[in-house]
Amino acid sequence: MTLGRWWRKDGVERGVDITSKTTRCAEKLKGCGKRKRMRFKQEVRECTEEMERLRGCHDSSNSWRFKKAQEKHARLLVQEEAYWRQRAKMHWLKEGDLNTKFFHMSALSRQRVKKIGKLLNEENIAVTTQLELCEVALNYFNQLFKSNPAMHDPVLSLITPKITQEDNDKLVMPITREELKESLFQMHPDKAPGPDGFNPAFYQHFWELCGNDIFEAAQEWLERGYFPSSLNETNICLIPKCENPTSMKDLRPISLCNVLYKMISKLLANRLKGCLNKCVSEEQSAFVEGRSILDNALIAIEVIHALKRRT
């Protein structure tokens, strides 16, 4: 298997950092993917021409070649549709006929809608070049997330501990391979990838190949208490809140983390679910499974409505 050789260098490689393996696979797959994407239409046309040439030939040799061309043609169409479905991010469409054209148009539409062409900087001057747009975004986030020194101890000292020793033992116990696999397969396969270029579908499909390496690396990271710096890198995607955004306040930032990072954070979140209801009060209608953040707003609306009806 080609990917297996890339992952382990002919199956004999041991002890190499998993980030190096993903980087090597990404470089190899990037080249293959680029060549394949550019050849979709050409290969489909070649298969169509081959089938037309062989149509009507009934001898065994030509019948076999026609069948092979037909199978390759169908496989190419499915691959092309999968490529454009990933680009379109239409997760609601599950089954049906080939929708390559629909996905293609959806991908182009998403690209047009989410393109940022102009922003206002701090001096309220419109900028349009890529360098200036990046500078506006960088200054905005630097200002938004700058450190704000404050004393938390007086507040924390007034909080009564809710987590018991038994809860804490469950939270810090060594992770298992089954836990890690469960956190991976809870993700949607086609979610946007992080800086390493891999989406959850890659690790889900090749879990038997790379699962042990991921588990061993995750154990090491959690024991020492920090991730490799490259794994902690995150792409920030700006999603427009309105048509033709002109200010950074019109854009909603989305963090695109590496899947390896998300697997571990999801594993820890799954553990935290068991005791989160002890930490979050009943009045806070969020964060706990089964509660909705809209509950308090609905209650307030109903109270105001009842007060207005009183005479």
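## Basis of the description

The model is predicted, so local features need pLDDT of at least 70 and side-chain atom pairs count only at pLDDT 80 or more, while totals for chains, interfaces and linings use all residues. Residues are numbered from 1 along each chain as its sequence is written, and side-chain values use heavy atoms, with hydrogens and water left out.

Helices (H or I, at least four residues) and strands (E, at least two) are DSSP runs, numbered from the N terminus. Residues are called buried under 20% relative accessible area, exposed over 50%, and partly exposed in between (1.4 Å probe, protein chains only).

## Salt bridges

A salt bridge is taken here as a side-chain nitrogen of Lys or Arg within 4 Å of a carboxyl oxygen of Asp or Glu. By this rule the model holds 4 salt bridges. Side chains of opposite charge can pair when their charged atoms come close.

One of the bridges joins Asp213 and Lys21, with 3.2 Å between the closest N and O atoms. Asp213 belongs to helix α10 (residues 207-224) and Lys21 to helix α2 (residues 18-54), so the pair ties together parts that are 192 residues apart in sequence. Asp213 is buried, at 10% relative accessible area, and Lys21 is also buried, at 2%.

## Contacts of helix α11

Lys278 and Asp167 form another salt bridge, with an N to O distance of 2.7 Å. Because Lys278 is in helix α11 (residues 259-279) and Asp167 in helix α7 (residues 165-172), this pair ties together parts that are 111 residues apart in sequence. Lys278 is partly exposed, with a relative accessible area of 38%, whereas Asp167 is buried at 11%.

Arg271, which also lies in helix α11, forms a salt bridge with Glu179, the closest N and O atoms being 2.8 Å apart. This pair links distant parts of the chain, with Glu179 in helix α8 (residues 177-185) and Arg271 in helix α11, 92 residues apart. Glu179 is partly exposed, at 22% relative accessible area, while Arg271 counts as buried at 13%. The C-alpha atoms of Arg271 and Lys170 are separated by 7.7 Å, although these residues are 101 residues apart along the chain.

Gln204 is placed in helix α9 (residues 200-205) and is buried, with a relative accessible area of 14%. Its side chain reaches the backbone oxygen of Leu184 at 3.1 Å. A polar contact is a pair of N or O atoms within 3.5 Å; within protein, one must be able to donate a hydrogen and the other to accept it, and residues adjacent in sequence count only if both atoms are side-chain atoms.

Phe215 is found in helix α10 and is buried, at 16% relative accessible area. The C-alpha atoms of Phe215 and Ile264 are 9.7 Å apart, and the two residues are separated by 49 residues along the chain.

## Surface patches

Patches consist of residues with over 30% relative accessible area and no salt bridge; like charges are joined within 9 Å, and nonpolar side chains (Val, Leu, Ile, Met, Phe, Trp, Tyr) within 5 Å. Accessible areas come from the Shrake-Rupley method with a 1.4 Å probe; for residues, only the protein chains shown count as cover. Lys and Arg count as positive and Asp and Glu as negative, with His and the chain ends not counted. Each charge is placed at NZ of Lys, CZ of Arg, CG of Asp or CD of Glu.

Lys67, Lys68, Lys72 and Arg75 form a positive patch. Arg75 lies in helix α3 (residues 60-88) and is partly exposed, at 46% relative accessibility. A negative patch is made by Glu122, Glu123, Glu132 and Glu135. Of these residues, Glu132 lies in helix α5 (residues 130-144) and is partly exposed, at 34%. Ile293, Leu294, Leu298 and Ile301 make a nonpolar patch of about 440 Å². Leu294 sits in the loop between α11 and α12 (295-309) and is exposed, with a relative accessible area of 53%.

## Backbone at Asn124

Most residues other than glycine have a negative phi. Asn124 is not a glycine, yet has a positive phi of about 65°. Asn124 is located in the loop between β1 (119-120) and β2 (126-127) and is exposed, at 59% relative accessible area.
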